[in-house]
Amino acid sequence: MRQPVRLVRMHPSDNVAVVATRGGLAAGQAVDDGLLLREAVPQGHKVALRRIEAGEAVRRYDVPIGYALATIEPGAWVHEGLMRMPDARALEDLPVATQLREAPPLGGQEFLGYRNPDGSFGTRNLFAITTTVQCVAGVVAQAAERIRRELLPRFPHVDGVVAIDHAYGCGVAIDAPDAQVPIRTLRNLARNPNFGGEVMVVSLGCEKLQPERLLPPGSIALRDERQARDEQAHDGLHLVRLQDPAHGGFSGMLDAIVAAAEPHLRRLDARRREAAALSGLVVGVQCGGSDALSGVTANPALGHAVDMLVRAGATVLFSEVTEVRDGVALLTARARDAEVARRLVAELDWYDAYLRRGGADRSANTTPGNKAGGLSNIVEKAMGSIVKSGTLPIDFVLGPGEKLAPGQRGLGFAATPASDFVCGTLQAASGMNVHVFTTGRGTPYGLAAVPVIKVSTRSELAEQWPDLIDVDAGRIARAERSIAEVGEELFACIVDVASGRRRPWAERWNLHNALTLFNPAPIT
Ligand code: CA
């Protein structure tokens, strides 16, 4: 069957449009006002709508995404080989708080969550085992398996066991200034709202990241008197050190971990979901495996859902420094005040220096899949990426792995690398309890700690992976749904997933990517 011609132009002043037609369009095809394609153009790629002179800007989203290296004829396929990437915007003279769009509150929204002692809410009721060092990972994995097999049948209200294993903890420059990033990430992961305030640590004994350094006194609030009593009754309830002479070999270690887990499981099992305001939701958003339709379908729909969430009182975290760097002026203009703008610029500036130290820049972000999907460079990718943050003012900024402070609400920029697993890990440390992930090329990504909702940019992907994609935003490109309609659907999906009424595909299949720390400090 012949597919209808669909070209998507993001702004009237754009001189290119993106082919949304399944399978792309053939040479000679008439597309727009009698314009004929000079060559075949794949789906997701750009077509010149008029003649673009050498040196002239190629415009998409009403911004220059590149400058033509030679004249580009109307109807030509416009790809990365035909243009020079614009330089990065300097981090000076940026507009500050000039675009503060206020939107009316969205009242009457609730979800069902697990209330935590610190006032946060879990969307899942999980038992987590925190580890100080990679050396213990094998033992903890086996202990977690035994807990699932032997204990969980007695505690049916506990959703699962998560072993927080990682490559950090020893053989690292632990006093280097940037070591604070992996250390606080681990500390804050242990305090993720989906773990119910129960913290249990397995340590080796001789590692650099000692338990007292990971969780200094006062970093974990005791929940109540009952827990304090339990702690005295169960020596070492919170901490199992594998090198402790009390443990006889491997089986002794397993016994100790399983025994220490039980009181935590008992307390978690006694909890039930309760109706809560959406202020209990912390939704982390990111994209991965992007294509040129990401910025046309899935990300704008997610942006619509993000605006609704923030209006309903929820907190939303967006991230991925290298994917917003080229749109910094759009973000500082939305900063709530000068201090938020200053923090945002400081995070981007730190990241520029981090990339420079490694002999790279922001252009290292784009992947072969991005380019095959029609994204010419990081500028084009950034414009399509930022739209998922919606349109409302940016209320706060978090550094990599920093936890939301009490009272921090609304839309926040959580500075993280764009790498899917690193971004997801850092958002989880910041307190995320639902994750929304848009994808064009497709990834089976999922996390053990937080449910992940996956949104496809193209219907072809949703049809190819019906048991991995939760929401198909490709219907926007096919003109079957509007951005707002898919955004509302996504909002309802987020509330259902948070409430445990719906389990996204990655959760149903137990697809769990590794928690992956961001360690900008040296390894020794
Ligand atoms: Ca990503």
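A crossing of two helices is left-handed if the near helix is turned anticlockwise from the far one by less than a right angle, and right-handed if clockwise. By that rule, helices α2 and α12 cross in a left-handed way. The model is predicted, so local features need pLDDT of at least 70 and side-chain atom pairs count only at pLDDT 80 or more, while totals for chains, interfaces and linings use all residues. Residues are numbered from 1 along each chain as its sequence is written, and side-chain values use heavy atoms, with hydrogens and water left out.

**Helices α2 and α12**

- Helices here are DSSP runs (H or I, at least four residues), numbered from the N terminus.
- Helix α2 (residues 180–190) packs against helix α12 (residues 420–430) at an angle of about 60 degrees, and their axes are 7 Å apart.
- Axes are lines fitted to C-alpha atoms over the stretch in contact, and angles run from 0 to 180 degrees between N-to-C directions.
- Thr185, Asn188 and Leu189 of α2 meet Thr425, Leu426, Ala428 and Ala429 of α12, where contact means heavy atoms within 4.5 Å.

**Domains 1 and 3**

- The protein is divided into domain 1 (7–84), domain 2 (113–269) and domain 3 (284–508), with bounds from an automatic or database domain assignment.
- The centres of domain 1 and domain 3, taken over C-alpha atoms, are separated by 26 Å.
- In contact are 18 residues of domain 1 and 19 residues of domain 3.
- About 1,500 Å² is buried between domain 1 and domain 3, and carbon and sulfur atoms give 52% of that area.
- Buried area is the accessible area (1.4 Å probe) that two parts lose on being put together, summed over both.

Conventions
Helix = DSSP H or I, 4+ residues; strand = E, 2+ residues; numbered from the N terminus.
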